Amino acid sequence: MASVVFKDASRIYPGTTTPAVDKLNLTVNDGEFLVLVGPSGCGKSTSLRMLAGLEEIDTGAIFIGDRDVTNVAPKDRDIAMVFQSYALYPHMTVAENMGFALKIAGVAKEERDRRVLEAAKLLDLEPYLERKPKALSGGQRQRVAMGRAIVREPQVFLMDEPLSNLDAKLRVATRTQIAALQRRLGITTVYVTHDQVEAMTMGDRVAVLKDGLLQQVDTPRNLYDNPANAFVAGFIGSPAMNLLIAPVSGGKAKLGGLDVDVPSSAGSSVIVGVRPEGFTPSSKGFEVQVEVVEELGADAFVYGKPVDATLKFANASDEGAQVIIRWDPKNPPKSGEKVTVSAKGESVHLFNVADGKRIK
C-alpha cells in the first residue's frame, strides 16, 4: 500500500490550449478511499488516467509512495484499474478471467488459484467460478472485474465509474459492497464518479473538480456544511442547495421579505445559499409560488419560483432552476399555492457574486 501525490500535474490535449487538468495538487493518504467527482468534462477521468499512466503528463509529477511514476509504464506502477465496462473475456470462466493477469505475469498456478479463491470469497463469487460471463448478471460481472483487480494485490486501486452500467437499485447495493470491501482490504483507492450521491456515501474524502481545476477536497460532511464556493455548494447535495442573487442594503441581503445579515465587505449583491432543509415555514419572509410537490413518503419536497420576480438564480444558464424546500410530508402544500419560509442564520451560506467564493 502507498499514498498517491499529484504535484502541479497538468494535461493539455493536442490541438487544445485549455488544460483538461490544470496544475492538480492532491494527496491521497495511504489506505484512503478518495472520490473524484464533478460534471462531465471536468477532468476527473483524465486525472485517473494520468495516475494509471494511460495519459501523458505535460507538466508536474505524480508519486505513488516515494516513487516518481511520471514517466513509468502503466504495467510497472503497481496499480489495478476497474473500468466502466467490465472488459471480461467471454470465452474464459470467472476464475480464468480473475487469474489471467497473474498468469501473464508468470505467477505459479497454485498461487494463482489461492488468490482467485480468496478474492471470490470476499466478493461472494465462489458459486460462479466455473461460469462464463454471459451467464452472469451485470452486478456479478462487475464483481468479477473487481476480483481481477484484487488478485493482483496492488498498491493502489483505480476505479473509473464502475457502477454506471448497473440499474439504480443494484448501484446502491454494489456501492456499499465496494466501500465495505475497500475498508476491509485497506488498499489506497481513487474512485471516479459523476454521481455526487455516490461520492458522498463512499469516500473518506471527496475531491470536487470543475473545468480541470480542483475546487475543494474534504470529508463529505465538511463539503456539505462548508462548501468553499458556489459551485461546490450547488453540486454537492441532493436535492441541490438553493442559490439566489440578492441585493444588499443596510447590511442585509434582501431575499424577498427575508432579510439576511451580511458582512460589510459583501458589496451591492451576494449569492445567498440555503439547503432545502434550511427553510422553515413562517408567517413572513421569502415567498415561493409552488409548482410541483414531490411526496416521497418519509420526505416531501416543494419546487417553485420566487414570488419576487427580480430575484435571479446564481446559475444564469439554468433556465429551469427552481427553489426547493423540504416540507413536512404529512402536510404538504398544493401546486399553485404560495408558501412563505424563513431561514435561520446557521442555515444560510453567502458567496461572492463575482468569483463565487465563500463569504460566510
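In what kind of crossing does α2 pass α4? The first legend gives the answer. The model behind every view is predicted.

**View 1. Helices α2 and α4 pack against each other.**
Helix α2 covers residues 94–104, and helix α4 covers residues 138–150. The crossing of α2 past α4 is right-handed. Two packed helices are described by the angle between their axes and the distance between the axes. Here the angle is about 35 degrees, and the axes lie 7 Å apart. On the α2 side, the contact is made by Val 94, Asn 97 and Met 98. On the α4 side, Val 144, Gly 147 and Arg 148 make the contact. By type, these contact residues divide into three nonpolar, two polar and one charged.

**View 2. Gly 99 sits in helix α2.**
Gly 99 is buried, with a relative accessible area of 6%. Leaving aside residues up to four places away in sequence, Gly 99 touches Arg 112 and Val 116. Now look for Gln 182. Gly 99 and Gln 182 are 83 residues apart in sequence. Their C-alpha atoms are 20 Å apart in space.

**View 3. Gln 142 belongs to helix α4.**
Is Gln 142 buried or exposed? Gln 142 is buried, at 1% relative accessible area. Which residues does Gln 142 touch, not counting residues up to four places away in sequence? They are Val 82, Phe 83, Gln 84, Tyr 86, Pro 162 and Leu 163.

**View 4. Helix α1 is mostly covered.**
Helix α1 runs over residues 44–52. Seven of its nine residues are buried. The buried residues of α1 are Lys 44, Thr 46, Ser 47, Leu 48, Met 50, Leu 51 and Ala 52. Gly 53 follows α1. The phi of Gly 53 is positive, near 90 degrees.

**View 5. Arg 49 forms a salt bridge with Glu 55.**
Side chains of opposite charge can pair when their charged atoms come close. In this pair, the closest N and O atoms are 3.4 Å apart. Arg 49 counts as partly exposed, at 29% relative accessibility. Glu 55 is buried, with a relative accessible area of 14%. The cut-off for buried is under 20%, so Glu 55 falls into that class.

**View 6. Asp 76 forms a salt bridge with Lys 75.**
The closest N and O atoms of Asp 76 and Lys 75 are 3.5 Å apart. Asp 76 counts as partly exposed, at 40% relative accessibility. Lys 75 is exposed, with a relative accessible area of 68%.

**View 7. Asp 225 forms a salt bridge with Arg 221.**
The closest N and O atoms of this pair are 3.0 Å apart. How many residues apart are Asp 225 and Arg 221 in helix α7? They are four residues apart, so about one helical turn separates them. An α-helix has 3.6 residues a turn, so residues three or four places apart point the same way. Helix α7 spans residues 220–225. Asp 225 counts as partly exposed, at 32% relative accessibility.

How many salt bridges does a search of the whole structure find? The search finds 15.

**View 8. Thr 188 is found in strand β8.**
Strand β8 covers residues 188–193. Thr 188 is buried, with a relative accessible area of 0%. The side chain of Thr 188 reaches the backbone oxygen of Ala 2 at 2.6 Å. A polar atom of the Thr 188 side chain also lies 2.8 Å from the backbone nitrogen of Gly 31. Not counting residues up to four places away in sequence, Thr 188 touches several residues, including Val 4, Val 28, Asn 29, Gln 155 and Phe 157. Ala 2 and Gly 31 are also among the residues it touches.

**View 9. Lys 334 lies in the loop between β18 and β19.**
Strand β18 covers 323–327, and strand β19 covers 338–343. Is Lys 334 buried or exposed? Lys 334 is exposed, with a relative accessible area of 58%. Ser 282 is 52 residues from Lys 334 along the chain. Their C-alpha atoms are separated by 17 Å.

How values were computed: Residues numbered from 1 in each chain as written. Predicted model: local features only at pLDDT ≥ 70, side-chain atom pairs only at ≥ 80, totals over all residues. Heavy atoms only, no water. Salt bridge = Lys/Arg side-chain N within 4 Å of Asp/Glu carboxyl O. Buried < 20%, exposed > 50% of the residue type's maximum accessible area, 1.4 Å probe, protein only. Helix = DSSP H or I, 4+ residues; strand = E, 2+ residues; numbered from the N terminus. Axes fitted to C-alpha atoms, helices over the stretch in contact; angles between N-to-C directions. Left-handed = near helix turned anticlockwise from the far one by under 90°. Contact = heavy atoms within 4.5 Å. Nonpolar A, V, L, I, M, F, W, Y, C, P; charged D, E, K, R; others polar. Polar contact = N/O pair within 3.5 Å; in protein donor to acceptor, adjacent residues only side chain to side chain.
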